[in-house]
Amino acid sequence: TAEVTTPDEPEPTVEPVVEVPMGPTFMRIYFDGSGLYREEGDDKRPLMLGVRSSGAEAVAPDGQHVAFTYVAQDSARLAWVDVRNGAVRNLYAAPENTVYTMDWANDSRALAFGWYVPDAEGNMTEGNVHIAQVGGSIADVECSASKMVAAWPQPDRLVVGDDRNFYGVDT
């Protein structure tokens, strides 16, 4: 007698589930022609109106703050924004043609910033260097010739400079 075989039953098919990317909502902070804005998802809100960017910016290593410069009606200013909630902290105001330089500490707890007013030839005239603590005070860096921040390479060492030289100073 011959053995009768039946074809195997086909395996049931399963439709793939459509995957939806999950994660934090896209958020950005930006200047447009009327001011500084924070946009998250469909929510766009002004943080500062009547100001324009003057171009310098620095993001803290932990990504929680962005320092930026802007021009107001009568001055050049430095501020930072807490990206989590949009809170802006104004740090410094100087004459309108002021140039700012800055760098964050590696632990994101402080911002070193320098400012100077260039003369007609672009040389640094008046200026100074400061350190602003997140959630705290602003102090002068004790290097009278310095007007710009070049780098903050180590927790206890800041590189600053003037028109001709760079200096390592203790923080």
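Visitor: Which residue in β7 does Trp80 stand opposite?
Guide: Trp80 stands opposite Arg89 in β7; please keep in mind throughout that this is a predicted model.

Visitor: What makes β5 and β6 a pair?
Guide: Strand β5, residues 65-71, and strand β6, residues 76-82, are linked by seven bridges in the antiparallel sense, which again has to be set against the requirement of at least two. Among the facing residues, Phe68 stands opposite Ala79 in β6, while Tyr70 has Arg77 in β6 as its bridge partner. A hairpin is formed here too, with four residues between β5 and β6.

Visitor: How many bridges join β4 to β5?
Guide: Five bridges join β4 to β5, and the two strands run antiparallel. Ser53 has Tyr70 in β5 as its bridge partner, and Tyr70 also has a bridge partner in β6, namely Arg77. Between β4 and β5 there are five residues that complete a hairpin, with Gly63 in the turn at a positive phi of about 75°.

Visitor: What is the order of the strands in this sheet, and which are called edge strands?
Guide: The order is β4-β5-β6-β7, an open sheet of four strands with antiparallel pairing. The edge strands are β4 (52-59) and β7 (88-94), as each of them pairs on one side only. From one strand to the next, the twist averages 20°.

Visitor: Why is β6 called largely enclosed?
Guide: A residue counts as buried when its relative accessible area is under 20%, and six of the seven residues of β6 are buried, so the rest of the structure largely encloses this strand. For the protein as a whole, buried residues make up 36% of the 171 residues.

Visitor: Arg77 belongs to the pairing you described, so what makes its contact with Asp74 a salt bridge?
Guide: The closest N and O atoms of Arg77 and Asp74 are 3.8 Å apart, and the cut-off is a side-chain nitrogen of Lys or Arg within 4 Å of a carboxyl oxygen of Asp or Glu, so the label applies.

Visitor: How many salt bridges does a search of the whole structure find?
Guide: The search finds seven salt bridges, and one of them joins the side chains of Arg28 and Glu39 at 3.0 Å, N to O. Arg28 lies in strand β1 (residues 27-32) and Glu39 in strand β2 (residues 35-40), so this pair ties together parts that are eleven residues apart in sequence.

Visitor: Are Arg28 and Glu39 buried, exposed or in between?
Guide: Buried would require a value under 20% and exposed a value over 50%; Arg28 has a relative accessible area of 37%, so it is partly exposed, and Glu39, at 22%, is partly exposed as well.

Visitor: What makes the contact of Asp170 with Arg157 a salt bridge?
Guide: The closest N and O atoms of Asp170 and Arg157 are 2.8 Å apart, which lies within the 4 Å cut-off. Asp170 is exposed at 61% relative accessibility, while Arg157 is partly exposed at 31%.

Key: Residues numbered from 1 in each chain as written. Predicted model: local features only at pLDDT ≥ 70, side-chain atom pairs only at ≥ 80, totals over all residues. Heavy atoms only, no water. Axes fitted to C-alpha atoms, helices over the stretch in contact; angles between N-to-C directions. Buried < 20%, exposed > 50% of the residue type's maximum accessible area, 1.4 Å probe, protein only.
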